[in-house]
Amino acid sequence: MASSSRALSRLTGPASRQLSVHVNAPTVKFSTTSCPRNPTSTSTVVARARGRATVLPRQFTRSYADAAPTKKPRRIRNTIKWTWRLTYLTLLAGVGAVIYDGYSDRHPEEQYVPDPQKKTLVILGTGWGSVALLKKLDTANYNVVVISPRNYFLFTPLLPSCTTGNIEHRSIMEPVRQILRHKKAAVKFYEAEATHIDVDKKVVRITDNSDIKGKVHETEVPYDMLVIGVGAENATFGIPGVREHSCFLKEIKDAQAIRTKIMDCVETAAFKDQTPDEVDRLLHMVVVGGGPTGVEFAGELRDFFDEDIQKLIPDIAPRFKVTLIEALPNVLPMFSKQLIDYTESTFKEEHITIMTKTMVKRVTDKTVEAEAVGPDGKKTLVTIPFGLLVWATGNTVRPIVKDLMSQIPAQKDSRRGLAVNEYLVVQGARDIWAVGDCAVAGYAPTAQVASQEGAFLARLFNNMARTEDLEQRVRDLSAGLNLKPGNTPEVTQEIEELEKQLRRIKDVKPFHYSHQGSLAYIGSEKAVADVAWLNGNVASGGKLTYLFWRSAYLSMCFSTRNRVLVALDWVKAKLYGRDVSRE
């Protein structure tokens with residue numbers, strides 16, 4: 001044992017000189033069993049000398065079988081930890097961005113009044129085309145005047161959701177003055193309706209149609225350049241009773257009227273001692289028009305009754321019925337055959353009746369008379385009782401567009417609106433452009449088309465202003481050329497550079513519509529999408545497409561304010577249900 005102690009002292013080096021082992025010190029023992037927890041045990045590997053504890057070197061300690069191994073951080077735990085951190089930081093960044101955007105909206109930069117010598121650009125309307133033009137137009141180049149009977153921009157794709165309370169109507173409205181306040185130069189806005197355009201005098205007559213009128217409620221606005229983006233109004237095709245007994249779905253007031261009438265029908269059907277036939281009539285909602293608006297409204301209506309009315313008024317909920325009437329052979333004609341079949345099968349599961357090849361002939365206060373074509377080609381007259389009739393099909397030109405077309409001989413053969421050329425200039429007129437549903441440009445009257453037309457005009461007008469500035473600069477340099485000695489080479493080089501810029505700016509390609517795809521909600525948290533991808537289209541439908549539909553519409557909202565409000569409305573409706581109170 002003494003020899004082992006001397007060997008141990010030599011191996012421990014300098015530490016051995018500080019260690020003094022007494023003769024009667026306990027002997028160090030090793031065991032293959034667990035190490036006792038008692039520090040005074042004779043198996044302790046710590047030798048005490050001169051009041052100081054010295055631990056044996058690591059190479060002389062033994063690992064025991066029952067000792068707990070050191071746990072290494074698990075990969076899954078680290079992944080979850082970093083995912084949570086990234087999510088937390090993303091949420092903080094999102095909240096910060098929303099706060100900053102709100103602060104920017106509330107504290108815009110100062111605007112300056114444009115040069116009165118510049119041209120006056122008058123824009124009629126605040127729809128998709130007009131707002132897209134205003135969004136990208138450099139207002140410093142013109143004296144811009146906006147005229148519209150409504151002082152807001154409406155995000156129409158989500159309008160069907162407002163009819164059932166899934167989204168509040170204020171969430172999809174953006175005040176026009178808020179948009180104009182963030183432009184570089186000041187823009188004038190008049191809430192009025194344009195009633196007449198004098199092409200020869202270049203003036204627009206406007207009228208204040210509000211409930212409160214001042215001493216002056218009709219005047220004229222002169223223009224150098226005019227953009228017409230007044231849209232279209234609902235077409236009844238001359239069918240008796242449509243305008244008197246049906247609801248349209250084009251404006252906010254239409255959505256509010258439909259929402260009120262839905263609850264009127266529900267509460268009347270729940271009235272004491274109401275007859276079964278009358279309950280069936282009151283709870284039968286008829287939608288005319290198989291386009292995206294009609295299909296989405298039918299889906300929203302079915303969801304409203306299945307998710308909310310059925311829980312609140314279960315006695316009458318099973319008798320609720322939705323019927324969709326379409327004159328064409330199928331609904332959603334702009335979608336692929338695959339998605340059309342999927343939509344029709346989904347409607348069948350949701351108990352939504354589709355009546356294709358059916359044309360409405362007459363509407364009364366309680367019934368729709370229609371002519372249906374059977375599979376054998378035989379025509380039959382059917383009478384459909386209803387509590388609510390929504391007319392979601394057809395557009396026709398507004399009176400001001402008709403009046404303008406009557407002044408232009410080149411427009412006498414146009415029926416659907418103002419015919420325009422490849423640069424959206426009204427045929428047969430000078431300094432007048434048209435965008436949106438009031439223009440006939442060879443494309444379908446959709447929000448996508450109107451938005452791209454407005455953006456095209458903004459680029460065109462910005463280029464026109466830039467061209468005029470460069471041309472004026474070239475004229476000024478040419479007028480002073482060779483008048484002063486020694487400046488000819490510099491002036492000539494500058495003129496050449498300006499002419500190169502002019503050639504690039506003047507090369508403006510004609511308007512070309514780029515189709516991004518079509519989306520439609522079909523109820524039961526399902527949607528269909530026909531999206532352009534590379535040189536073809538990608539068609540999809542189902543619940544994942546529904547998430548894509550929501551994210552796409554959310555990103556298309558005009559401002560961050562609209563996006564936040566719409567998202568909060570969706571969350572509120574999911575948690576607490578739709579509001580069934582009648583306004």
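**Salt bridges**

A: A search of the whole structure finds 17 salt bridges, a salt bridge being a side-chain nitrogen of Lys or Arg within 4 Å of a carboxyl oxygen of Asp or Glu. The model is predicted, so local features need pLDDT of at least 70 and side-chain atom pairs count only at pLDDT 80 or more, whereas totals for chains, interfaces and linings use all residues. Residues are numbered from 1 along each chain as its sequence is written, and side-chain values use heavy atoms, with hydrogens and water left out.

One of these bridges joins Lys-119 to Glu-468, with the closest N and O atoms 3.3 Å apart. Because Lys-119 lies in the loop between helix 2 and strand 3 (120–124) and Glu-468 in helix 12 (residues 447–479), the pair ties together parts that are 349 residues apart in sequence; helices (H or I, at least four residues) and strands (E, at least two) are DSSP runs, numbered from the N terminus. Lys-119 is partly exposed at 35% relative accessible area, and Glu-468 is partly exposed at 37%, where buried means under 20%, exposed over 50% and partly exposed in between (1.4 Å probe, protein chains only).

Within helix 8 (residues 276–282), Arg-281 and Glu-278 are three residues apart and therefore separated by about one helical turn, and their salt bridge has its closest N and O atoms 2.5 Å apart. Arg-281 is buried at 13%, whereas Glu-278 is partly exposed at 23%. Elsewhere, salt bridges that share partners join Glu-307, Asp-308 and Arg-578 into one network.
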